[in-house]
Amino acid sequence: MARVRVSTVPRDLLRVADLTPPLLDGLLDLATRMEDDPDGWVDALRGRSVALYFGKPSTRTRVSFAAAAAPLGPNPIPPPPGQRPPGG
């Protein structure tokens with residue numbers, strides 16, 4: 001399977017339906033490689049920001065996503081508490 005380059009992923013990925021089949025396959029391959037070697041990805045996103053978007057407010061989900069992102073080193077940016085998502 002082809003490796004996915006970060007530059008080939010849409011900058012504003014909001015729906016899986018927006019991905020082409022080859023790009024989705026590549027992202028799933030990347031996820032498998034990350035799962036197989038989690039230490040190889042430590043600080044992979046150091047200095048980057050990651051916006052956390054949730055369709056419904058959930059402390060457990062928000063904390064889980066922030067905890068999952070932490071080893072990669074980004075600055076997670078959650079929405080302000082109580083803020084409803086666009087269209088929500």
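In which helix is Asp36 found? Asp36 belongs to helix H1, which covers residues 21–36; helices are DSSP runs of H or I with at least four residues, strands are E runs of at least two, and both are numbered from the N terminus.

The model is predicted, so local features need pLDDT of at least 70 and side-chain atom pairs count only at pLDDT 80 or more, while totals for chains, interfaces and linings use all residues. Residues are numbered from 1 along each chain as its sequence is written, and side-chain values use heavy atoms, with hydrogens and water left out.

Buried means under 20%, exposed over 50%, and partly exposed in between (1.4 Å probe, protein chains only).

| Residue | Relative accessible area | Class |
|---|---|---|
| Asp36 | 61% | exposed |
| Asp43 | 36% | partly exposed |
| Pro76 | 28% | partly exposed |

Asp36 also takes part in a negative surface patch with Glu35, Asp37 and Asp39. Patch residues have over 30% relative accessible area and no salt bridge, and like charges are joined within 9 Å. The charge is placed at CG of Asp or CD of Glu.

Asp43 lies in the loop between H1 and strand S1 (49–51). Its phi is near 65 degrees, a positive value in a residue other than glycine.

Pro76 is part of strand S2, residues 75–77. Pro76 and Ser49 are 27 residues apart in sequence, with a C-alpha to C-alpha distance of 5.9 Å. Leaving aside residues up to four places away in sequence, Pro76 touches Val50 and Leu52 (contact: heavy atoms within 4.5 Å).

Key: Patches are made of residues with over 30% relative accessible area and no salt bridge: like charges are joined within 9 Å, nonpolar side chains (Val, Leu, Ile, Met, Phe, Trp, Tyr) within 5 Å. Accessible areas come from the Shrake-Rupley method with a 1.4 Å probe; for residues, only the protein chains shown count as cover. A salt bridge is a side-chain nitrogen of Lys or Arg within 4 Å of a carboxyl oxygen of Asp or Glu. Lys and Arg count as positive and Asp and Glu as negative; His and the chain ends are not counted.
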